[in-house]
Amino acid sequence: GNWDGGVVAYKDITERKKYEDKLKELALHDPLTGFPNRTYFSQCLKIELEKAKRTKMLLSVFALDIDHFKEINDTYGHDIGDEVLKEFAKRVKSSIRKNDILARIGGDEFVILIPELTDKTMVIEIADRIHKSIRDGWIIANEKVKITSSIGISLYNQVDTEEKTLFKNADLALYEAKKKGRNNYQIYNEPKTG
């Protein structure tokens, strides 16, 4: 019943933890822009939806893309297209608040989560700032080029809107912006029934 001694074995897992952290980072972020991806965005949206239900605050989802991006790729090549995507993401990020989340979900498609809104007009101010930030100063392959964006906006209505519905409604508003000539934003309006 006496304790004579013991053996302690340990293994330094610092490198393994760094590797695991890097894998998590890659799984939740777009490798080109470094911004969050769809998975990370969806996780944040679920959390913010629950918070909005409790606090009765407004919440908005923006869907946006670069107008005629395929032409940029076809004219200048994919390397230049990648640089346009990175610059576009930086400009959009500089136009939104710190707690808003910008994510690239594929190609030239981006989404923004705008939580804790106090007023519906704030989404219009944010959309205007985004358009202003991307309007001027694009030099591609030593040429001055005009870059524009279409934006679709959906709002959490405090009733039964789910994550998928907010995405879908923002997408529908984005297509409406494209139909109306691009380089504008549209806010999703629920169809009238009855």
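Colleague: Which residue in β6 does Phe62 stand opposite?
Modeller: Ile153. This is a predicted model, where local features need pLDDT of at least 70, side-chain atom pairs count only at pLDDT 80 or more, and totals for chains, interfaces and linings use all residues. Residues are numbered from 1 along each chain as its sequence is written, and side-chain values use heavy atoms, with hydrogens and water left out.

Colleague: How many bridges join β1 to β6?
Modeller: Seven, with β1 (58–66) and β6 (149–155) running antiparallel. Strands here are DSSP E runs of at least two residues, helices are H or I runs of at least four, both numbered from the N terminus, and two strands pair if DSSP finds at least two bridges between them.

Colleague: And what about β3, how does it run relative to β1?
Modeller: Antiparallel, again through seven bridges. Leu58 faces Leu117 there.

Colleague: Is β1 mostly covered or mostly open?
Modeller: Covered: eight of its nine residues are buried, meaning under 20% relative accessible area with a 1.4 Å probe, protein chains only.

Colleague: Switching to packing, which residues touch the most other members of the largest nonpolar core?
Modeller: Phe62, Leu64, Ile112 and Ile130, out of 30 residues. Such a core is a set of buried Ala, Val, Leu, Ile, Met, Phe, Trp, Tyr and Cys residues joined through side-chain atoms within 4.5 Å.

Colleague: Which element gives the most to it?
Modeller: α5, with six residues.

Key. Buried < 20%, exposed > 50% of the residue type's maximum accessible area, 1.4 Å probe, protein only.
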